[in-house]
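Please look over the structure shown here before reading on.

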Amino acid sequence: MLTLLHRDLRLALRAGGGFGQALGFYLIVATLVPLGVGPDRATLAPTAPGILWLGALLACLLSLDRVFALDREDGTLDGLVPAPLPLEAAATAKAAAHWLTTALPLVVVAPGLGLLLSLPAQAMPWLAAALLAGTPALSWIGTFGAALTVGLKRGSLLLSLLVLPLYVPTLVFGADAVRRAAQGLDPAQPLLLTAAISLGCVALLPFATAAALRINLR
Amino acid sequence: MSLSDRIWAWANPRKFMALSGAILPWAWGLAALCLGVGLIWGFAFTPDDFRMGSSVKIIYVHVPTAFIAINAWFMMLLASLVWLVRRHHVSALAARAAAPVGLVMTVAALATGAIWGKPMWGTYWAWDPRLTSFLILALFYVGYIALWEAVESPDAAADLTSVLCLVGSVFAVLSRYAAQFWNQGLHQGASLSLDAEENVADVFWQPLVLTLVGFGALFVALVLQRTRTEIRVRRLHSLKARARAEAPA
């Protein structure tokens with residue numbers, strides 16, 4: 001499992017393309033929104049938590065079709081099914097690799113983008129905390145969606161259609177935690193709920209992901 | 001033969017066709033009778049509400065469609081479980097048949113709610129928890145139908161949509177509570193429930209129960225009809241395949 005994780009990380013780092021693109025996308029979203037809604041601090045600050053969460057969500061989503069597609073093309077995925085490693089563990093490794101390469105960099109740069117969107121300073125640590133607590137759910141749900149659509153030729157639009165409704169609870173709680181922090185309220189409750197969704201996803205979704213992979217590779 | 005064997009025997013497509021063929025005219029009849037009587041009674045022969053005026057009468061469409069919209073998903077969940085556990089094809093086809101009906105009911109509930117909301121709340125749409133969860137439910141239906149359409153192999157499609165339905169159900173419930181957490185409600189409480197102290201007044205209540213039964217029968221009739229069509233499509237495909245195999249090369 002660690003070998004698989006290690007392999008995926010090295011592929012993401014060395015093969016180029018994958019690693020920086022999600023970050024670049026996130027930066028562009030955070031730049032374009034003020035250009036669209038206007039530079040006024042009074043309109044930007046209240047919407048900043050939502051924009052930063054939506055940007056992270058879309059950045060995760062756009063990198064999902066890569067999770068299994070390349071492995072399917074070169075046959076790695078077919079090799080994983082009869083391997084001694086349970087497919088559930090392989091699914092976990094895949095999701096973890098996606099989280100480390102796509103979501104974690106987003107968490108790191110998010111406070112900087114919060115500065116661009118004039119998010120109040122007291123909300124910065126909570127923004128990072130909420131993203132840290134919520135992005136595992138995004139990666140694990142997304143890996144499930146990628147497993148559902150791995151056999152399809154043009155699956156990326158369908159993938160968004162399937163995955164985005166599943167992102168709703170994470171988005172609601174995660175963005176609410178940041179919004180509360182920005183208004184000076186206690187963000188602990190939505191933050192804990194975000195973390196709860198992530199932990200539930202990490203624990204249970206690999207089983208669904210593995211089931212979907214087995215069906216698609218039959 | 002034990003009772004459970006006797007129940008599962010209806011999952012045989014041949015027996016299902018016979019049984020559903022026998023039920024279908026009665027379901028259509030019950031739907032037509034209840035909807036005809038209930039809607040005419042409700043629209044023409046109930047008094048206007050003293051505050052809401054005649055706009056109250058949309059309740060005879062709004063409440064039953066919303067009721068069916070939620071329960072259609074439950075029916076799909078059950079059918080998906082039966083398919084995953086017992087591999088009865090009729091079950092998977094019934095889940096597939098129910099999804100578009102459920103989507104139409106969801107949209108109908110949203111639309112009637114919007115039409116009523118404009119004069120009453122002063123807006124077609126508000127980000128109220130119930131409205132939001134219904135919109136999300138509609139998205140779940142759309143994703144489910146899209147996955148059915150996208151996968152070519154019928155068995156793989158049945159398997160994948162069943163897994164999606166199971167996972168989606170968990171997230172649909174989560175979204176419902178998330179939406180409640182997220183915003184205060186504008187929507188009133190349940191119109192009908194068995195344990196509530198105060199329900200809708202009797203004059204409105206009686207035709208409402210009739211239309212509920214009517215929409216329920218309509219749902220059963222539509223799902224049976226669509227499942228029968230799906231089974232016939234499958235039969236046609238296998239007949240064609242057999243004819244191709246037997247044809248001289």
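## Conventions

This is a predicted model, in which local features need pLDDT of at least 70, side-chain atom pairs count only at pLDDT 80 or more, and totals for chains, interfaces and linings use all residues. Residues are numbered from 1 along each chain as its sequence is written, chains are lettered from A and ligands numbered from 1 in the order written, and side-chain values use heavy atoms, with hydrogens and water left out.

## Helix packing

Helices are DSSP runs (H or I, at least four residues), numbered from the N terminus. In chain A, helix α7 (residues 124-148) packs against helix α10 (residues 188-216) at an angle of about 15°, and their axes are 7 Å apart. Axes are lines fitted to C-alpha atoms over the stretch in contact, and angles run from 0 to 180 degrees between N-to-C directions. α7(A) and α10(A) are therefore roughly parallel to each other.

In chain B, helix α3 (residues 59-86) and helix α6 (residues 154-182) pack at an angle of about 130°, with axes 9 Å apart. This makes α3(B) and α6(B) oblique to each other. Angles under 35 degrees count as roughly parallel, over 145 as roughly antiparallel, 65 to 115 as roughly perpendicular, and the rest as oblique.

## A nonpolar patch on chain B

L33(B), V37(B), I40(B), W41(B) and F45(B) make a nonpolar surface patch of about 530 Å². Patch residues have over 30% relative accessible area and no salt bridge, and nonpolar side chains (Val, Leu, Ile, Met, Phe, Trp, Tyr) are joined within 5 Å, like charges within 9 Å. A salt bridge is a side-chain nitrogen of Lys or Arg within 4 Å of a carboxyl oxygen of Asp or Glu. Accessible areas come from the Shrake-Rupley method with a 1.4 Å probe, and for residues only the protein chains shown count as cover.

F45(B) belongs to helix α2 (residues 13-45) of chain B. F45(B) counts as exposed because its relative accessibility is 62%; buried means under 20%, exposed over 50%, and partly exposed in between.

## Single residues

R14(B) also lies in helix α2 of chain B, and at 67% relative accessibility R14(B) counts as exposed. The C-alpha atoms of R14(B) and R232(B) are separated by 11 Å, although the two are 218 residues apart along the chain.

Two loop residues other than glycine have positive phi values. For S118(A), phi is near 50°; S118(A) sits between α6 (87-116) and α7 of chain A and is buried, at 12%. For R87(B), phi is near 55°; R87(B) sits between α3 and α4 (89-121) of chain B and is partly exposed, at 37%.

Definitions and conventions: Buried < 20%, exposed > 50% of the residue type's maximum accessible area, 1.4 Å probe, protein only.
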